[in-house]
Amino acid sequence: MESGGTLKFHFLVVKSFLVGAKAVEISVPVSSPFCLRLCLLRSTAGNTDSSETHTTPTSKAQVNKTSDGKYISPFHDIPLIAETEQANDVPAKKSKKSESEVLYNMVVEVPRWSNAKMEIAIKEPLNPIKQDEKKGKLRYVANIFPHKGYIWNYGALPQTWEDPGQKDKETNCCGDNDPIDVCDIGTQVCSTGQVIQVKVLGILAMIDEGEMDWKVIAINAEDPDAKNLNSIEDVRKNRPGHLEATVEWFRKYKVPDGKPENKFGFNGEFKDKDFAVEIIKSTHEHWRALVQKQKNTGGIDCKNTLCCDSPFRCTTDEAREVVQSVRTSLALVSHYW
Ligand SMILES: [Mg+2]
């Protein structure tokens, strides 16, 4: 796989192209070569992030673009491992960074304290980040007392896949067919589509209706506290109550939607970062088999622009055409509303 190149800190302008809605323009600082573009497109009044029911869909999708204007898939084209300029400067004679010191790219789907269930749309070309829908209604998580929305920045590690055909040895459950989930416990409130570099600290084995749904616990490497947090035990000592709140949140967050409480492997105990790194590595291998077409894709769209050993790789021109055709069809849909 090709790497994403050197990481630079820069500001990116995000513009909306919402049809029938007020256009917004915001600047988002990101520490990566990837930016997002709020690209689309079906919009009406009532776009709030509360957990109330919305009968009128208000939908938007974000398509990721590189800083030089190329469309990419946030699932397949962003490298799992973040290459820092610092790392590139390390002289060859110095020993390689140990696995536990490696930083990972995280694609932020849901900003902390918000409720809209934004996620990488794995079955759509170039995998835009969209709000999940169920039975035609947009999904929001309820507020789990005493919290508001998600209690961390929540997202995914790119180039990972929890394979539904693989049974976990410990829990006997198969993967949930999604990239592996991450909770960033840093204090910065991130934006949907932002790509941040995180330090992995541990992992929780959530089981969602019989499916394996690992939750990586990590901290934004830019967080002032990141240097003090190097293990799950450090989180326990320095952030009292944080881990307990995390388990309780995941246990209960679907109950207001009429679902049972989620269960956990290992009695709901967090595993340490070495364990987490092994799980991440195995989900990365499963993803690699997926984009190399060694597995049945099961509806997952593997179109990518950077994975050189993938039969699903397309050119940047083709990627632009994909985004333009989606824009055109959605614009036509909104015209008829
Ligand atoms: Mg998951």
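The buried residues of helix H3 (residues 242-252) pack against strand E11 (153-156), strand E13 (181-184), E14, E15, helix H2 (232-238) and E16, where contact means heavy atoms within 4.5 Å. Those buried residues are His-242, Leu-243, Ala-245, Thr-246, Val-247, Trp-249 and Phe-250; buried means under 20% relative accessible area, exposed over 50% and partly exposed in between, with a 1.4 Å probe and protein chains only. Helices (H or I, at least four residues) and strands (E, at least two) are DSSP runs numbered from the N terminus. This is a predicted model, in which local features need pLDDT of at least 70 and side-chain atom pairs count only at pLDDT 80 or more, while totals for chains, interfaces and linings use all residues. Residues are numbered from 1 along each chain as its sequence is written, and side-chain values use heavy atoms, with hydrogens and water left out.

**Overall picture**

- The protein holds 5 helices and 17 strands, and 52% of its 337 residues count as buried.
- Among contacts between residues at least 6 apart in sequence, 66% join residues at least 24 apart.

**Nonpolar cores**

- The largest nonpolar core has 46 residues, and Trp-152, Ile-185, Trp-249 and Phe-250 have the most contacts inside it. A nonpolar core is a set of buried Ala, Val, Leu, Ile, Met, Phe, Trp, Tyr and Cys residues joined through side-chain atoms within 4.5 Å.
- At least two residues of this core come from each of E6, strand E7 (118-120), E11, E14, E15, H2, H3 and helix H4 (273-291).
- H3 gives the most to this core, with 5 residues.
- Leaving aside residues up to four places away in sequence, Ile-185 touches a set of residues including Trp-152, Leu-201, Ile-217, Leu-229, Val-235 and His-242.
- Another core, of 24 residues, lies apart from it, and Val-108, Trp-214, Ala-218 and Ala-276 are among its members.

**Strand E14 and its partners**

- All 14 of the 14 residues of strand E14 (residues 195-208) are buried.
- E14 pairs in the antiparallel sense with strand E15 (residues 211-220) over 10 bridges, and Ile-203 stands opposite Val-216 there. Two strands pair if DSSP finds at least two bridges between them.
- The hairpin of E14 and E15 has 2 residues between the strands, and Glu-209 takes a positive phi near 45° in it.
- Strand E6 (residues 103-110) is also an antiparallel partner of E14, over 5 bridges, with Tyr-104 bridged to Val-198.
- Strand E17 (residues 271-272) runs antiparallel to E14 and is joined to it by 2 bridges; Gly-202 stands opposite Asp-272.
- Strand E16 (residues 263-264) likewise pairs with E14 in the antiparallel sense over 2 bridges, placing Ile-207 opposite Lys-263.

**Strand E11**

- Asn-153 and Gly-155 point one way from E11, Tyr-154 and Ala-156 point the other way, and all are buried.
- E11 pairs with E6 in the antiparallel sense over 3 bridges, where Ala-156 is the bridge partner of Val-107.
- E11 is also joined to antiparallel E13 by 4 bridges, and Tyr-154 stands opposite Cys-183.

**The magnesium site**

- Asp-176 (OD), Asp-181 (OD) and Asp-213 (OD) coordinate the magnesium ion at 2.1 to 2.3 Å. Donors are N, O and S atoms within 2.8 Å of the metal (3.2 Å for Na, K and Ca), and water is not among the atoms, so sites may look incomplete.
- Along the chain, the donors follow the spacing D-x4-D-x31-D.
- Asp-176 and Asp-181 are buried.

**Salt bridges**

- The count comes to 16 salt bridges, each defined as a side-chain nitrogen of Lys or Arg within 4 Å of a carboxyl oxygen of Asp or Glu.
- Lys-117 and Glu-119 form one of them, with the closest N and O atoms 3.4 Å apart; Lys-117 counts as buried at 11% relative accessibility, and Glu-119 as partly exposed at 25%.
- Glu-209 and Lys-259 meet in a salt bridge of 3.4 Å, N to O. Glu-209 lies in the loop between E14 and E15 and Lys-259 in the loop between H3 and E16, so this pair ties together parts that are 50 residues apart in sequence.
- Glu-209 is exposed, with a relative accessible area of 53%, whereas Lys-259 counts as partly exposed at 23%.
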